[in-house]
Amino acid sequence: MSLFGGKKHLSSFQIIFYGFSLLILAGALLLMTPLSSRSGQWTSIHDALFTATSAVCVTGLVVRDTATYWSLFGQMIILLLIQIGGLGIVVTASAISIASGRKISLMQRAVIRDSINAPQLGGIVRLTRFIVTAVAAVEGTGAALLAIHFVPAYGVKKGLWYSVFHSVSAMCNAGFDLMGNYSSLISWASDPLVLTVIAALIIIGGIGFMTWYDFSKYHFRFRRYSLQSKMILISTAILIVLPTLYFYFFEFKTGDRPERFLTAFFQAVTPRTAGFNSVDLSGLSEAGTMIMIVLMLTGGAPGSTAGGMKTTTLCVLLLTSHSIFRRQDKPSACRRCLSSDTSVNAQTIALMYVFLFITGACVISRIEGFPLLTCMFETASAVGTVGLTLGITSGLSLASRAILIGLMFVGRIGGLTMIYAIFSSPTVRRQPYVTEKVIVG
């Protein structure tokens, strides 16, 4: 049976589910081999599976230090998993099919549409080409800019490898790094070029493929963008500006003003959903930790390299609440009304993410004995596919790691995709029951 289905017909959601599952399994098997570790020894299945899941789900949580434990071969496998996971297994397979000259069937086009949240089937092959080309161009540009500082610091070969690895990791919102000792980008905390380039790659990867497509067609004519692109760009700007101001004035108070602002800006960008950090996050206040958790749960845009419940979900929830306050029959934005299905889906997704991250945190807290807020940070990081940590991930038991693996998987493929793939058809079924009103609130 091929990725797009063979004799047995699979729905788009099942193809996405099984595709990611098989990719994780293949990655884990490769990472287990002696070629993948610096010591030349076999890696345990649970360490390899956790790393492969984190890479494919572009999360960045690790139980083995990427720079010191994995060999160059292992790091290349991780980078390949990140790239495929960021683009999406369906887009990657489609790009290979297009490059080889194979014709893309109607069903395959439908799967691509569902995987990237495209509005229609028309032009889906052209859109796939655009996505792959744009990703390659942005990652190449990012690597070239990072090489300006990485090559002098690490030498030509190592510097170029670090530039490519961190550019792809940032663009795919993965958060994997090669700096060693789980330090992320702390050693580059005062370097404006490195942090700015990484932050720009995170933002570009996180706003979504359809937003890129709107920009390529309309450039800066914002009024002509789709409602989804408008909501993504506005919410992204707000979710960067407000946390930056909070972190600048209340959390990061060391260093001169430009360095403090750079730190605040970077730490406002990276929770959605990249996982790099330029400071020790254990020094955050409880309020700062909670703000990070909210940002991690929100994530990036639908049809992007980012995870989380998505910025559009948060926008729809706020717009729905606003319409209720104003006693309007439908939520609206930018002179467009939202369908009732959109509001219901947003509420379901938000409830699912909150339930998963809180339940996972409570279970891990009971198992490990860590403070609940610390565990909430880790589970929010996992289900939001972020990768930020307060330093407890590598020391967790197998049961707690299994919980994080499940959260990372759900966070990457999406809650509704998971439900439709396993439990039911996405087709709406009418209930043959009498409607009765229930008072809420």
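Modeller: Setting aside neighbours within four places in sequence, Thr92 touches Ile84 and Leu87. Keep in mind that this is a predicted model. Thr92 sits in helix H5, which covers residues 89-99. Is Thr92 buried or exposed? Its relative accessibility is 16%, and because the cut-off for buried is under 20%, Thr92 counts as buried.

Now for the empty space. Rolling a probe the size of a water molecule over the atoms shows where empty space is left. The largest pocket here holds about 1500 Å³ of space. Which residues lie nearest its centre? They are Asn117, Pro302, Asn345, Ile349 and Leu416, out of 50 residues in the lining. Helix H15, residues 340-368, gives the most to that lining, with 7 residues. Sorted by class, the lining of the largest pocket has 27 nonpolar, 17 polar and 6 charged residues.

The second largest pocket has a volume of about 420 Å³. It is lined by 26 residues, and Tyr182, Ser183, Asn277, Gly387 and Thr389 are the closest to its centre. Here the lining splits into 10 nonpolar, 13 polar and 3 charged residues.

Last stop, the cysteines. A disulfide is a covalent bond between the sulfur atoms of two cysteines. How many disulfides does the structure hold? The count is 0. Take Cys337: the closest cysteine sulfur to its own is in Cys334, 12 Å away, so that pair is too far apart for a bond. Cys337 is exposed, because its relative accessible area is 56% and the cut-off for exposed is over 50%. Then there's Cys375, whose sulfur has its closest cysteine sulfur in Cys362, at 8.8 Å, which is also too far for a bond. Cys375 has 0% relative accessibility, so it counts as buried.

Key. Residues are numbered from 1 along each chain as its sequence is written. This is a predicted model: local features need pLDDT of at least 70, side-chain atom pairs count only at pLDDT 80 or more; totals for chains, interfaces and linings use all residues. Side-chain values use heavy atoms; hydrogens and water are left out. On a 1 Å grid over the protein atoms alone, a cavity is a set of points where a 1.4 Å probe fits but cannot get out, and a pocket is an open set with protein on both sides within 12 Å along at least five of seven lines; lining residues have an atom within 4 Å of a point. Grid points are joined across faces, edges and corners, and a volume is the space filled by probe spheres set on the points. Helices (H or I, at least four residues) and strands (E, at least two) are DSSP runs, numbered from the N terminus. Ala, Val, Leu, Ile, Met, Phe, Trp, Tyr, Cys and Pro count as nonpolar, Asp, Glu, Lys and Arg as charged, and the others, Gly among them, as polar. Buried means under 20% relative accessible area, exposed over 50%, partly exposed in between (1.4 Å probe, protein chains only). Contact means heavy atoms within 4.5 Å. A disulfide is a pair of cysteine sulfur atoms within 2.5 Å.
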